[in-house]
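The sequence and structure are shown first, and the discussion follows.

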Amino acid sequence: MPIDLPPHMQERIACSIAAAAKYEIPANIVLAVAEKENGKVGQWVRNSSNGSHDVGPLQFNTNYLRELAQYGIAPGHVAAAGCYPFDLAAWRLRKHIKNDKGDLWTRAANYHSRTPEFNQVYRADLMVRAARWADWLDKRYQTHDLALPGSAQATVASSAPASRPASTPAWSSATYVPRRLVVSANPAPAGDMR
């Protein structure tokens with residue numbers, strides 16, 4: 001990881017990659033969502049349209065907190081520092097990718113909104129950001145193109161947040177191919193860390 005990044009960016013990148021690996025979803029999508037949401041630890045932003053709030057680093061909407069409450073997850077967990085909010089966001093992205101309709105990008109953009117006009121704007125920006133993050137990842141890590149025949153296929157399923165879900169195949173066609181990191185015990189040479 002680049003050591004010249006500010007601490008919040010180091011946390012965002014490390015936690016996004018870890019959450020993507022944990023929930024077996026493309027790291028560039030988690031990184032793109034984290035960048036797009038651009039929330040801060042402890043932040044609560046009121047949505048004037050419906051009175052809900054977007055909470056924490058991943059701007060998790062309070063409408064989703066009811067679902068999380070059944071697992072003992074409180075608003076403070078979503079607003080906290082560290083990787084747990086990223087795990088929750090990756091869990092939620094995984095659910096959208098597995099259960100929602102549409103192409104990969106529409107399903108990932110459901111993280112923001114299922115309302116078509118809001119989804120399409122978010123989707124377009126998410127694709128641009130994900131492409132940049134895929135390039136960034138390709139320069140620093142070994143990755144797999146999930147659309148190539150014989151490549152390691154990502155799987156998508158959902159049970160409860162922060163627990164390892166069961167695997168279920170799920171990727172559909174998209175114009176941009178998501179990337180999956182290859183986790184290796186051999187670290188990159190020190191010269192590659194910029």
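## Ala 90 in helix α5

Ala 90 is buried, because its relative accessible area is 0%, and in this predicted model the residue lies in helix α5. Leaving aside neighbours within four places in sequence, the residues in contact with Ala 90 are Ala 19, Tyr 23 and Ile 25. The C-alpha atom of Ala 90 is also separated by 6.6 Å from that of Val 30, although the two residues are 60 residues apart along the chain.

## The crossing of α1 and α5

Helix α1, which spans residues 7-23, and helix α5, which spans residues 84-99, have axes that come within 9 Å and cross at roughly 45 degrees. The two helices are therefore oblique to each other, and the crossing in which α1 passes α5 is right-handed.

On the α1 side the contact is made by Glu 11, Arg 12, Cys 15, Ser 16, Ala 19, Lys 22 and Tyr 23, while α5 contributes Phe 86, Asp 87, Ala 90, Trp 91 and Arg 94. Sorted by class, the contact of α1 with α5 has 6 nonpolar, 1 polar and 5 charged residues.

## His 96 in helix α5

His 96 also has its place in helix α5, and it counts as buried because its relative accessible area is 3%, under the 20% cut-off. The side chain of His 96 is joined to that of Asp 100 by a polar contact of 2.6 Å.

When residues up to four places away in sequence are not counted, His 96 touches Tyr 64, Arg 107, Asn 110, Tyr 111 and Arg 114.

Notes: Residues numbered from 1 in each chain as written. Predicted model: local features only at pLDDT ≥ 70, side-chain atom pairs only at ≥ 80, totals over all residues. Heavy atoms only, no water. Axes fitted to C-alpha atoms, helices over the stretch in contact; angles between N-to-C directions. Helix = DSSP H or I, 4+ residues; strand = E, 2+ residues; numbered from the N terminus. Parallel < 35°, antiparallel > 145°, perpendicular 65-115°, else oblique. Left-handed = near helix turned anticlockwise from the far one by under 90°. Contact = heavy atoms within 4.5 Å. Nonpolar A, V, L, I, M, F, W, Y, C, P; charged D, E, K, R; others polar. Buried < 20%, exposed > 50% of the residue type's maximum accessible area, 1.4 Å probe, protein only. Polar contact = N/O pair within 3.5 Å; in protein donor to acceptor, adjacent residues only side chain to side chain.
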